[in-house]
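Work through the exercises below with the sequence and the model open. Try each task before reading its solution.

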Amino acid sequence: MKKRRTIPLLDESGTALQSRPVRKRDPAQPNLPFDPMPERVEPCLALLRPTPPEGPDWLYEIKWDGYRLAIHIEPKGVRIITRGGHDWTHRFPGIANAAKKLGVGTAILDGEAAVLNTQGHSDFGALQRSLGGRGGKRASTEAVFFAFDLLYFDGHDLARTELAVRRHLLEDFLDGAVGAVQLSEEAHGTGAELLANACAMGLEGIIAKHRDRPYRSGRTGDWIKIKCVESESFMIVGYERSESARGGIGSLLLAARRGDTWVSVGSVGTGFKTADAEYLRKTLDKLKTRRPAVPLKGKNYVFALPTLIAEIEFRGWTDDGNLRHASYKGLREIQDNAAVFDIGDSPVR
């Protein structure tokens, strides 16, 4: 399948300045001091905020709707590692092959694998289908890796350097790259106008990153995510039976975390196709329990052990703490290390 290119947030005049291409390492100088290449780097994660930060200290990018991955280009080959540390090289052969052709000895690229729709927007459902669904064994031939950070390059650990330097090297490294590995381009403008433009285009949102910060693992506040439509991961704790609905599921019962406990956040009854509903019912029936994870009562409720994590799109919260206008997007893989939404961490609820 022909790879689609993403559509930038602003017009073509908003391109970043490019410096000279990075030179290849001189093989005549093999004894230069190098930093050891880490086996894995715990990813930097973005904090959710309702509005973007403003000012010259921040750069902005599209928020991709896919799987967070790290590409390790090593002397013996390429490894593709999920956010949770699992090796998924075999699931993304096109990305692995493209990474091998980048012409560098060693590098660690941080980014997101996504499948683009006909509008050039990332589509989480399409990515799931390309991998054969949750638990599927299929390899995705459609996925594109959008690199937004460079953590290690040609024997040098870059994590301690500021983002502006890492982005400068990354842009040189991937200058003009198309196909299965591409640059997640910086978007130019104010945070407010970029967010408005992203929402008007039907994108998930934008990411703001502090230019002067090193790469720090976890949610430090160095990276901020601002969403047009809220989308989070929730635990499925059961379903409501329905004789008339597709697959026999009227709705899925959802829960969020509150510290070490589960809290009901309502249900979702839209967004899944017949095949999705049939798979969900078959799987949840195998997880049946008489002890619900949250105290719910319903004549047609079937409770399940908290095992399946669903990505849910929604439009906010009701006064009684339920999701408003929720829509099912798909199941998260265990290997994706999806974090179930914690109500206690939410700054916008």
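**Exercise 1. Strand pairing around E3**

E3 and E4 pair in the antiparallel sense over six bridges. Two strands pair if DSSP finds at least two bridges between them. The model is predicted: local features need pLDDT of at least 70, side-chain atom pairs count only at pLDDT 80 or more, and totals for chains, interfaces and linings use all residues. Residues are numbered from 1 along each chain as its sequence is written, and side-chain values use heavy atoms, leaving out hydrogens and water.

Solution. 
1. Start with E4. A hairpin of two residues connects E3 to E4. Ala-70 has Ile-81 as its bridge partner in E4.
2. Turn to E5. Arg-68 has Glu-112 as its bridge partner in E5.
3. Check burial. Buried means under 20% relative accessible area, exposed over 50%, and partly exposed in between (1.4 Å probe, protein chains only).

**Exercise 2. Aromatic pairs**

Task: characterise the pair of Tyr-67 with Trp-88, then the pair of Phe-272 with Tyr-328.

Solution. 
1. Set the rule. Rings of Phe, Tyr and Trp (its six-membered ring) pair if their centres lie within 6.5 Å; planes under 30 degrees apart are stacked, over 60 edge-to-face, and the rest tilted. This rule gives 14 aromatic pairs.
2. Tyr-67 and Trp-88 lie 5.6 Å apart, centre to centre, with 65 degrees between the planes, which makes the pair edge-to-face.
3. Tyr-67 is in strand E3 (residues 67-74), and Trp-88 is in the loop between strand E4 (77-82) and helix H1 (93-100), 21 residues apart. Tyr-67 is buried at 1% relative accessible area. Trp-88 is buried too, at 4%.
4. Now the second pair. The ring centres of Phe-272 and Tyr-328 are 5.5 Å apart and the planes stand at 75 degrees, so this pair is edge-to-face. Phe-272 sits in the loop between strand E13 (261-268) and helix H5 (274-285), whereas Tyr-328 is in strand E16 (residues 327-331), 56 residues apart. Phe-272 is buried at 3%, and Tyr-328 is buried at 7%.
5. Look around Trp-88. Ring pairs link Tyr-67, Trp-88, Phe-92 and Phe-124 into a cluster. Arg-91 lies over the face of Trp-88, 4.9 Å from the ring centre. A charge sits over a ring if NZ of Lys or CZ of Arg is within 6 Å of the ring centre and within 35 degrees of the ring normal.

**Exercise 3. Salt bridges**

Task: which partners does Asp-222 have, and which residues form the network that includes Arg-167?

Solution. 
1. Set the rule. A salt bridge is a side-chain nitrogen of Lys or Arg within 4 Å of a carboxyl oxygen of Asp or Glu. The whole structure holds 18 salt bridges.
2. Asp-222 bridges to Arg-213 at 3.0 Å, N to O. Asp-222 also bridges to Arg-216, with the closest N and O atoms 2.9 Å apart.
3. Asp-222 is buried, at 1%. Arg-213 is partly exposed at 32%, and Arg-216 is partly exposed at 37%.
4. Now the network. Shared partners join Glu-61, Arg-167, Glu-171 and Lys-209 through salt bridges.

Methods:
Helix = DSSP H or I, 4+ residues; strand = E, 2+ residues; numbered from the N terminus.
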